[in-house]
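Colleague: Could you take a close look at one part of this model for me? I would like one connected account, in short sentences.

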Amino acid sequence: MADFTSNPIWISKMERRFDGLDLNKNGYLEKEDFEIYAKNLVKIHKVGSEKEEYYFKRVSALFYNDDDGKSVSKKEFVEKMKKLVSRKDAKDVIREYCEGLCEILDVNNDKRISLPELKALLEAANLDKKIANKIFAVADTDRDGYLSFEEYHEILLKIFLTAEDVF
């Protein structure tokens, strides 16, 4: 396993990721959580319900595997994330996840993420939209008011592959 995965800061970051994904607040990640997320995104983005399945697949890709229909506890989630970030291809997996998130976030298809688009993602997860301001303060390195794919990817790498408390 990667050295940083035993660091309390990294564990806390993964626990916060879990809390943001556990939308029904039952202490487990399960298919229902990602269905809620997808429905919320459809509603917030004001797109047709045909997008719901696509959103579900994209948001559940990294964090949930429904092969066995089993729910995942917070402790199990942290262990799964430890295994994921310890893989040789962890950066590639996170890049692919980032690509999916960017497709979801970039509602107007301008190839960049605006603050309102990021706030919509957080709102879909029932998270405090003020976090978006903190993310932008750290991730918008060129200070143009948008997150490029590379800027967003870099912040995800810091979240998942370091013990640094990014925001």
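Modeller: Start with a term: contact means heavy atoms within 4.5 Å. This is a predicted model, where local features need pLDDT of at least 70, side-chain atom pairs count only at pLDDT 80 or more, and totals for chains, interfaces and linings use all residues. Residues are numbered from 1 along each chain as its sequence is written, and side-chain values use heavy atoms, with hydrogens and water left out.

Now take leucine 161. Setting aside neighbours within four places in sequence, leucine 161 is in contact with Phe4, Val85, Ala90, Lys91 and Ile94. Leucine 105 is 56 residues from leucine 161 along the chain, and their C-alpha atoms are 22 Å apart.

Leucine 161 belongs to helix H8, residues 149–161. Helices (H or I, at least four residues) and strands (E, at least two) are DSSP runs, numbered from the N terminus. Is leucine 161 buried or exposed? Leucine 161 has a relative accessible area of 16%, so it is buried. The cut-offs are these: buried is under 20% relative accessible area, exposed is over 50%, and partly exposed is in between (1.4 Å probe, protein chains only). Other buried residues of H8 include Tyr152, Ile155, Leu156 and Phe160.

Next, the length of H8. The expected span of a helix is 1.5 Å times one less than its number of residues. H8 has 13 residues and should therefore span 18 Å; its end C-alpha atoms are 17 Å apart, which agrees.

Now to helix packing. Two packed helices are described by the angle between their axes and the distance between the axes. Axes are lines fitted to C-alpha atoms, for helices over the stretch in contact, and angles run from 0 to 180 degrees between N-to-C directions. Helix H6 (residues 115–124) packs on helix H7 (residues 130–139) at about 130°, with axes 9 Å apart. That angle makes H6 oblique to H7. Under 35 degrees counts as roughly parallel, over 145 as roughly antiparallel, 65 to 115 as roughly perpendicular, and the rest as oblique. H6 brings Leu115, Leu118, Lys119 and Leu122 to the contact, while H7 brings Ile131, Ala132, Asn133, Ile135 and Phe136.

H6 has another partner. The axes of helix H2 (residues 31–45) and H6 come within 8 Å and cross at roughly 140°. H2 is therefore oblique to H6. Here Tyr37, Asn40, Leu41, Ile44 and His45 of H2 meet Ala120, Leu121, Glu123 and Ala124 of H6.
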